[in-house]
Amino acid sequence: MSFSLKTQNFNCITDYALETINSIALDRLNRFFNNLPVDPYLKGNYRFRRLSNFIVSSNSLVKLPHNRLFQSKEYNPLLGDIIREFEELDEEIVKLEDFKTIVLEFFTFCQLCSTANEIGVHQIRTTTSARQIGNPAPEGIHRDGVDLVGIFCVNREEIEGGETYLYKDKNSSPVFQKILNPGELLVFDDRQFFHYTAPIKPTTEQQGVRDVFVLTCPGLIANRNEKN
């Protein structure tokens with residue numbers, strides 16, 4: 001896989017990367033967020049989620065067998081030490097070249113910052129209404145416990161807020177603060193940066209949504225990460 005100028009100059013210790021993937025047809029991805037199952041591990045029924053894990057091999061994605069998700073309380077004080085299970089990504093979205101482009105672009109950074117060729121892809125919709133604030137990161141400022149994290153925004157509709165922040169430590173001012181717009185990919189080394197995304201609120205009487213893919217390298221597979 002070839003490296004772009006951005007990835008060639010990427011320093012895993014000090015840098016984060018923000019880029020727009022102009023070749024993605026977002027409308028081909030949007031519809032797959034309309035049938036996401038509700039996340040049963042959060043109160044409020046405002047977050048919807050699927051999860052699949054892939055191996056990148058010869059510029060292709062090989063989907064791994066179904067597995068469960070695990071993070072320790074060290075990384076997720078809200079839902080840590082709980083084995084969580086989510087439905088797999090829809091097979092039709094996995095077949096799309098647009099989806100493959102997102103994952104492979106993220107993987108170019110993984111090749112620089114990790115020895116893993118495994119990527120977890122979390123497909124997440126956060127909703128908000130007049131009765132419910134949507135919280136993309138209810139665990140607060142955190143790390144995920146992986147080598148690299150990517151956040152790709154697919155859609156923002158009828159919402160305000162949802163700024164994403166990066167911090168060198170939990171007690172310092174953010175080194176990055178931005179609303180990720182559709183088509184934008186943020187990549188950072190999880191060992192070097194903490195991250196957080198602020199709540200979203202509706203701008204109209206209609207329900208608002210924020211749709212993203214969160215990519216991790218490697219994945220947070222339960223039978224490898226859980227405590228003995």
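The following questions and answers concern a predicted model. Residues are numbered from 1 along each chain as its sequence is written, and side-chain values use heavy atoms, with hydrogens and water left out. Local features need pLDDT of at least 70 and side-chain atom pairs count only at pLDDT 80 or more, while totals for chains, interfaces and linings use all residues.

Reader: In which strand is Thr197 found?

Author: Strands are DSSP runs (E, at least two residues), and helices are DSSP runs too (H or I, at least four residues), numbered from the N terminus. The run that covers residues 194-197 holds Thr197, and this is strand 10.

Reader: Is Thr197 buried or exposed?

Author: Buried means under 20% relative accessible area, exposed over 50%, and partly exposed in between (1.4 Å probe, protein chains only). Because Thr197 has a relative accessible area of 6%, the residue is buried.

Reader: With which side chain does the side chain of Thr197 make a polar contact?

Author: A polar contact is a pair of N or O atoms within 3.5 Å; within protein, one must be able to donate a hydrogen and the other to accept it, and residues adjacent in sequence count only if both atoms are side-chain atoms. At 3.0 Å, the partner of Thr197 is the side chain of Thr164.

Reader: Which strands stand at the edges of the open sheet of three strands?

Author: Two strands pair if DSSP finds at least two bridges between them. The sheet has the order 8-7-10, with antiparallel pairing. Each edge strand has a single partner strand, so one side is left without a neighbour in the sheet; these are strand 8 (176-179) and strand 10.
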